[in-house]
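Have the viewer open and follow along.

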Amino acid sequence: MSTITFSSAAVLPARPATRLRLTVRGRRLVLAVAAVPLAVGIAFAALSGGSAMASGEQTTTASFATVTVMPGDTLWSIAESIAPGADPRDVIGDITRLNLLRGGSLQIGQELAIPAQYSE
């Protein structure tokens with residue numbers, strides 16, 4: 001039978017953990033590396049967003065004729081009354097898109113904007 005023996009020289013003594021120390025130069029380098037993406041983002045936003053600035057030179061206001069929903073009104077009846085010569089399905093589609101209606105449900109007293117081609 002064989003035996004294995006360890007001598008005290010084979011065991012390494014534990015080293016105390018050392019803290020990471022940054023010099024002034026190292027701190028400046030870390031700060032500069034962290035600031036580069038931020039500076040690039042700000043520069044990109046300033047260069048690309050500058051053309052979208054609002055100015056009052058070319059403002060146009062859209063005015064729509066409106067219809068107030070009365071008891072018993074449906075989109076079909078409103079479409080027939082504002083555009084008697086047009087297909088009511090097309091008129092309903094235009095009114096729905098303009099007023100962002102979902103499901104075609106109306107409320108009494110609701111103001112509906114009428115598309116410009118039907119308001120004349």
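Q: How do helix H2 and H3 pack, and at what angle and distance?
A: In this predicted model, helix H2 (residues 75–82) and H3 pack at about 105°, and their axes are 9 Å apart.

Q: Why are H2 and H3 called roughly perpendicular to each other?
A: The label covers angles of 65 to 115 degrees. The angle of H2 and H3 is about 105°, and H2 and H3 are therefore roughly perpendicular to each other.

Q: Which residues of H2 and H3 meet?
A: From H2 come Leu 75, Trp 76, Ile 78, Ala 79, Glu 80 and Ile 82; from H3 come Pro 88, Arg 89, Val 91, Ile 92, Ile 95 and Thr 96. By type, the residues of this contact divide into nine nonpolar, one polar and two charged.

Q: What makes up the largest nonpolar core, and which members touch the most others?
A: This core has 13 residues, and Leu 75, Ile 82, Val 91, Ile 95, Leu 112 and Tyr 118 touch the most other members. H2, H3 and S2 are the elements that give two or more residues to the core. The largest share, four residues, comes from H2.

Q: What does Leu 75 touch, leaving out residues up to four places away in sequence?
A: Leu 75 touches Ile 92, Ile 95, Thr 96, Leu 101, Gly 104, Leu 106 and Leu 112.

Q: Where does Asp 94 lie, and why is Asp 94 counted as buried?
A: Asp 94 lies in helix H3, which spans residues 88–99. Buried means under 20% relative accessible area. Asp 94 has 19% relative accessibility, so Asp 94 counts as buried.

Q: How do you know that the side chains of Asp 94 and Tyr 118 are joined by a polar contact?
A: A polar contact needs a pair of N or O atoms within 3.5 Å, and the one between the side chains of Asp 94 and Tyr 118 is 2.8 Å. A polar contact of 2.7 Å also joins the side chains of Asp 94 and Arg 97. Leaving out residues up to four places away in sequence, Asp 94 touches Pro 115, Gln 117 and Tyr 118.

Q: What is noted about the phi of Leu 100?
A: Most residues other than glycine have a negative phi. Leu 100 is not a glycine, yet its phi is positive, about 55°. Leu 100 sits in the loop between H3 and S2.

Q: Why is Leu 100 given its accessibility label, and what is that label?
A: The cut-off for exposed is over 50%. Leu 100 has 70% relative accessibility, so Leu 100 counts as exposed.

Q: Where is Ile 108, and is Ile 108 buried or exposed?
A: Ile 108 lies in the loop between H3 and strand S2 (111–114). Its relative accessible area is 64%, and because exposed means over 50%, Ile 108 is exposed. Ile 108 touches Val 69 and Pro 71, not counting residues up to four places away in sequence. Ile 108 and Val 69 are 39 residues apart in sequence, with 5.2 Å from C-alpha to C-alpha.

Q: Why does Ala 116 count as partly exposed?
A: Ala 116 has 46% relative accessibility, so Ala 116 counts as partly exposed. Ala 116 is in the segment after S2. Ala 116 and Ala 65 are 51 residues apart in sequence and 7.5 Å apart in space, C-alpha to C-alpha.

Q: What elements does the protein chain hold, and in which order do they run?
A: The protein chain has three helices and two strands, running α-β-α-α-β from the N terminus on. Of its 120 residues, 16% are buried. Among contacts with a separation of 6 or more, residues 24 or more positions apart account for 55%.

Notes: Residues numbered from 1 in each chain as written. Predicted model: local features only at pLDDT ≥ 70, side-chain atom pairs only at ≥ 80, totals over all residues. Heavy atoms only, no water. Buried < 20%, exposed > 50% of the residue type's maximum accessible area, 1.4 Å probe, protein only. Polar contact = N/O pair within 3.5 Å; in protein donor to acceptor, adjacent residues only side chain to side chain. Contact = heavy atoms within 4.5 Å. Axes fitted to C-alpha atoms, helices over the stretch in contact; angles between N-to-C directions. Parallel < 35°, antiparallel > 145°, perpendicular 65-115°, else oblique. Nonpolar A, V, L, I, M, F, W, Y, C, P; charged D, E, K, R; others polar. Core = buried A, V, L, I, M, F, W, Y, C linked by side-chain atoms within 4.5 Å.
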